[in-house]
Amino acid sequence: MKQLTSQPSPAHRADADSPAWQHGARSGWLLLRGPSSEFWFDHWVKSLSAAGVAFHWGCALNRFDFDGTTITAAQVGSGERVVADLHVLATTPFSAVEIFERTPALARLDQICLFGPLTADGPHVQVSFRIGFGERIRWPRERCAVVVADSEFDRTIFAEEQAWANAVDLGDDIASLWTGTACVSSAPGRVHGLAVEFCTK
Ligand SMILES: Cc1cc2nc3c(=O)[nH]c(=O)nc-3n(C[C@H](O)[C@H](O)[C@H](O)COP(=O)(O)OP(=O)(O)OC[C@H]3O[C@@H](n4cnc5c(N)ncnc54)[C@H](O)[C@@H]3O)c2cc1C
């Protein structure tokens, strides 16, 4: 799925790798200019807090109060009731199943019943990792991402410093910061015979 709504579309100058191009919504990967907390979440939290939104950090959503028609409140943490105009559930589907089951009248609704089968095959585990290098690692071309096609773990690798603003601190003594994703967690790797889900950090 590509995101659909971003505006405006940034202009990229022609270089050795491609002619000039507009990078707009629907045209492919869009990358933040820095770490997602600092460049995305923190700004949203600040803006929403200024608009009067109250955050309840670090406390689990346990259950909903349901009057047979509408969700009237959410119970979080050790029983605090949070009442809102709208209640949006955005947990993982596994957690959603548990939360709905605590309110049987809600769990019985036609659409809500669909969550159970959705999770029946268990989670699809993806693992993200970062590798920091003390020296700048040069990639063969700009704006490059790598799919390690012969890896049992189905890995992708990206060098963040390609996209992040110069002012972003990569970390103490870090000159190149690669992020990677392993999308297959259960196949044993050829070097140690270990599947990702059994590897230590
Ligand atoms: C390794 C990896 C790499 C990825 N890379 C990319 C990428 O490069 N680009 C991209 O666009 N997407 C990527 N994705 C996908 C992207 O991260 C997800 O699609 C996205 O985060 C889903 O957002 P979400 O808010 O729906 O759910 P989540 O981010 O899963 O958020 C659900 C939240 O609910 C919380 N929660 C669960 N239960 C409770 C409870 N009872 N009470 C309160 N909170 C609860 C969880 O702690 C979590 O914070 C990647 C995913 C993975 C796993």
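Reader: Quick one before we dig in: what is a polar contact here?

Author: A polar contact is a pair of N or O atoms within 3.5 Å. Within the protein, one atom must be able to donate a hydrogen and the other to accept it, and residues adjacent in sequence count only if both atoms are side-chain atoms. Keep in mind that this is a predicted model.

Reader: Got it. Which backbone nitrogen does the side chain of S176 reach?

Author: That of I137, and the distance is 2.7 Å.

Reader: And where does S176 lie?

Author: S176 is part of strand β9.

Reader: Buried or exposed, that S176?

Author: Buried: its relative accessible area is 0%, and the cut-off for buried is under 20%.

Reader: OK, what about D169, where's its place?

Author: D169 is in the loop between β8 and β9. With a relative accessible area of 60%, D169 is exposed.

Reader: Which backbone nitrogen lies 3.0 Å from a polar atom of the D169 side chain?

Author: The one of G171.

Reader: Let's switch to the ligand. Which residues surround it?

Author: The ligand has A60, L61, A90, T91, S95, I99, Q126, V127, S128 and T181 around it.

Reader: How do the residues of that shell divide into nonpolar, polar and charged?

Author: There are 5 nonpolar and 5 polar residues in the shell, and no charged ones.

Reader: What lies 2.7 Å from a nitrogen atom of the ligand?

Author: A backbone N or O atom of L61. From S95 there is also a polar side-chain atom, which lies 2.8 Å from a nitrogen atom of the ligand.

Reader: How much of the ligand does the protein bury?

Author: The protein buries 32% of the 990 Å² that the ligand exposes when taken alone.

Reader: Which elements give two or more residues to the shell?

Author: Those are α2 (93–101) and β6 (127–133).

Reader: Let's zoom out. What domains is the protein divided into?

Author: There is domain 1, covering 55–118, and domain 2, covering 127–198. Their C-alpha centres lie 36 Å apart.

Reader: Why do you say the ligand lies between them?

Author: Because domain 1 and domain 2 both give residues to the shell around the ligand.

Reader: Changing topic: how many disulfides does a search of the whole structure find?

Author: The search finds 0.

Reader: What about C183, how many Å away is the nearest cysteine sulfur?

Author: It is 15 Å away and belongs to C199. For a disulfide, the two sulfur atoms would have to be within 2.5 Å, and C183 is in no disulfide.

Reader: Now the backbone. What is phi of D154 near?

Author: Near 50°, which is a positive value in a residue other than glycine. D154 lies in the loop between β7 (145–148) and β8 (155–159). At 35% relative accessibility, D154 counts as partly exposed.

Reader: And phi of D173, what is that near?

Author: Near 60°, again a positive value in a residue other than glycine. D173 is found in the loop between β8 and β9 (176–182). D173 counts as exposed, since its relative accessibility is 71%.

Reader: One more pair to check. Where does T103 lie?

Author: T103 is in the loop between α2 and α3 (104–107).

Reader: Buried or exposed?

Author: T103 counts as buried, at 6% relative accessibility. Its C-alpha atom is separated by 14 Å from that of G79, 24 residues away along the chain.

Reader: Last one: where is A120 found?

Author: A120 is in the loop between α4 (115–118) and β6, and A120 is exposed, with a relative accessible area of 61%. The C-alpha atoms of A120 and F94 are separated by 9.3 Å, with the two residues 26 apart along the chain.

Terms used: Residues numbered from 1 in each chain as written. Predicted model: local features only at pLDDT ≥ 70, side-chain atom pairs only at ≥ 80, totals over all residues. Heavy atoms only, no water. Near = heavy atom within 4 Å. Areas by Shrake-Rupley, 256 points an atom, 1.4 Å probe, with all protein chains shown as cover. Helix = DSSP H or I, 4+ residues; strand = E, 2+ residues; numbered from the N terminus. Nonpolar A, V, L, I, M, F, W, Y, C, P; charged D, E, K, R; others polar. Domains from an automatic or database assignment. Buried < 20%, exposed > 50% of the residue type's maximum accessible area, 1.4 Å probe, protein only.
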